[in-house]
Amino acid sequence: MSDDSKIVSTSEAQIAVHWKEEELINPSEEFIAQANLTDKSIYERFSLANFPDYYTEFADLLTWYKKWDEVLDTSDAPCFKWFKGGKLNASYNCIDRHLAKNKNKTAIHFVAEPEDERVSHITYQELYTRVNEFAALLKNTAKLKRGDRVTIHMPMSAELPITMLACARIGVIHSVVFGGFSSSACADRVVDSNSRVLITMDSYYRAGKLLNHKEVDDEACALAEKGGQKVDTMLVWQRYPGKMSSPSPLVEGRDIIVNQELKKYYGALVEPEQMLAEEPLFLMYTSGTTGKPKGAQHGTGGYLAYVTAMSKYIQDIHPEDVYWCMADIGWITGHSFIVYGPLALCASSVIYEGVPTYPDAGRSWRIAQELDVNIFHTAPTAIRALRKVGPDEPQKYRYKFKHMTTVGEPIEPEVWRWYYNVVGRGEAAIVDTYWQTETGGFLCSTVPGIQPMKPGSAGPGVPGIHPIVFDETGEVLEPGCGKAGNICIQNPWPGMMQTVWGDRNRFVESYFGMYNKDRNSKKWQDWPYMTGDAAVVASDGYVRVLGRIDDVINVSGHRLGTKEIESAALTVPEVAEAAVVPVAHEIKGKEPELYVSLKPGIEATPELQKKVADAITFQIGKIAKCKNVWIVPDMPKTRSGKLMRRVLGAISNKGDVGNVMTLANPEIVEEIRKMVQG
Ligand code: PRX
């Protein structure tokens, strides 16, 4: 959930949502025959009546120094403690336990951006060596100890998971900040987590440019000090030392070059700390529309058990698979589904530097071909971008995916079908996984070996998760009623965040404020978790997420999901991307305004504008008629690829676009503003 103030009324959601029920598509028999989970009785075993004991099945996927005394401790609800009293270490589970049988297996394939650099393949044995050495450096040079927090601001590189796993080995709580974040975003997180150590890297490549990354963190240190937190040690990994024309100088007494310092620790072994299951493993900051970003705190035992189970049963990872999740490790997806989940299962996980569309639209498919990737995981935004720049590109490469994931936003059925037919060649099973930074792992998805896929719908709650949709009065909206409401989860689960770092009250109010009747209750039943998303549940239990509660537009008292309109626009073959924003209207309250970008080589014409407008009326009805259809050269996007509807909304409403310099393409904002405002 990204908005603290968001205990927003869902009354506007109380109208039938206009959408066509999509056809179900079955995964192939070949896929089902090899799937990790095909036993349908799991839903019975994981029923609410059996809660919370069924979650021991997930915990049993891990290796424990000591088994737990209690599955779920609710005495401090809603700060739940999972597998209380159990002891384990995340780095041991992701590395050491695989060595006896699989030490020569590749743990990480690292693909650098310059294509003349060969891919590096790090075996589990090498990962063990490097994590131990870096853990020794953290302990002895940086003087870090169990329970300390460390901020890691690094680009995609093999050294990033090595750094995280070394922290986990010695019980240090890592807080990874997305590499593309600015110095001030990094400083905020350093201050909030009281990190006296910042770990960075000198440089990285992105779309052909070698970027000086350390200079961002020099500035972050200065800003953090102003904010009251001094960074006394900056550990700098050197990735491209000789290549930068003007590298940032070292700050005497603060900066340490990791590559040199590590020589002191060659061959060192560090005994993993035996962590209590409920001790925090990491913080992951997520922004709210109001206030400072909040640090979602994830625990060791519950989180690791949950992501391991999700990787095994939903992503269907087997140890022999080559698995590529395209996300950045700086986001929760990368933590759970590049690092912790896949490595706990002894898979080979691909990490790449750069962007999927540089140097050309074929890069992703070349990587898949070269490494023989068979499980592929990405987000709708990347799928749309790849479809836009090279709709026929996948056909030119020899790769075979058996399974694909989509995550992060609703996926338009049109885009889903391209993913399925062209990228997956009509053979790969797709799971649309709905979840959040705060939830650690998946909330809703199909189990690919059990259920069919439905384009545009995530699927039912994953085994163990019991979703419920409320209206704003707390009335339950039954599956199949056709109305949208606030989707909540009735039960806690092990991957759920433990609290907001240092702000229990904010945790309680942000995620439980609306539907909890008794703040002192010690019963889990009294604390349904509010996701803050609007969703509709079909009669078959499949959840279709419409977007944030505040993404729903009220037009003349009728509620429309922005995604529905976007989805309609995307049915026009010339359209590559679509974004709807609400515009204030004197009589109707709000009306939607639509921005679209076109596929390459297609010209913007008034006819095309009309075609898009007609498609919306055709697909949804006159109620969804847009004030304008703007055909723009490109959409404003964050560096992680999220389409910035907020910026478009500000342009449409003649408001302040705010600071757009951190966007991937800030120049486009002014171009669109001129087009719209004249
Ligand atoms: O609105 C939902 C959307 O992304 C939000 C969570 O964003 P974040 O914490 O950045 O985590 C992203 C990666 C899990 C949710 O509140 N969302 C996430 N997955 C989906 C989705 N919307 C629709 N379908 C999904 N599969």
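Q: What should I know before I start?
A: This is a predicted model, in which local features need pLDDT of at least 70 and side-chain atom pairs count only at pLDDT 80 or more, while totals for chains, interfaces and linings use all residues. Residues are numbered from 1 along each chain as its sequence is written.

Q: Which residues come nearest to the ligand?
A: A residue is near a molecule if its C-beta atom, placed from the backbone, lies within 6 Å of it. Here 19 residues are around the ligand, and Pro410, Tyr434, Gln436, Thr437 and Val545 come nearest.

Q: Which element gives the most to that shell?
A: Elements are DSSP runs numbered from the N terminus: helices are H or I with at least four residues, strands are E with at least two. β25 gives the most, with three residues. Helix α12 (332-344) and strands β20 (429-433), β24 (529-537) and β25 (543-548) each supply at least two.

Q: How do the shell residues divide into nonpolar, polar and charged?
A: Ala, Val, Leu, Ile, Met, Phe, Trp, Tyr, Cys and Pro count as nonpolar, Asp, Glu, Lys and Arg as charged, and the others, Gly among them, as polar. The shell has seven nonpolar, eight polar and four charged residues.

Q: In what order do the eight strands of the open sheet stand?
A: Two strands pair if DSSP finds at least two bridges between them. The order is β12-β11-β8-β6-β7-β14-β15-β23, with mixed pairing. β12 (255-257) and β23 (499-500) stand at the edges with a single partner strand each, so one side of each has no neighbour in the sheet.

Q: How do β21 and β22 run, parallel or antiparallel?
A: β21 (467-470) and β22 (485-489) run antiparallel, joined by four bridges. Val469 stands opposite Ile487 in β22. In β21, Pro467 and Val469 make up the covered face, while Ile468 and Phe470 make up the uncovered one.

Q: Is Gly302 buried or exposed?
A: Count the other C-beta atoms, placed from the backbone, within 10 Å of a residue's own: 20 or more is buried, 12 or fewer exposed, and in between partly exposed. Gly302 has 31, so Gly302 is buried. Gly302 lies in helix α11 (301-313). Leu72 is 230 residues away from Gly302 in sequence, yet their C-alpha atoms are 9.8 Å apart.
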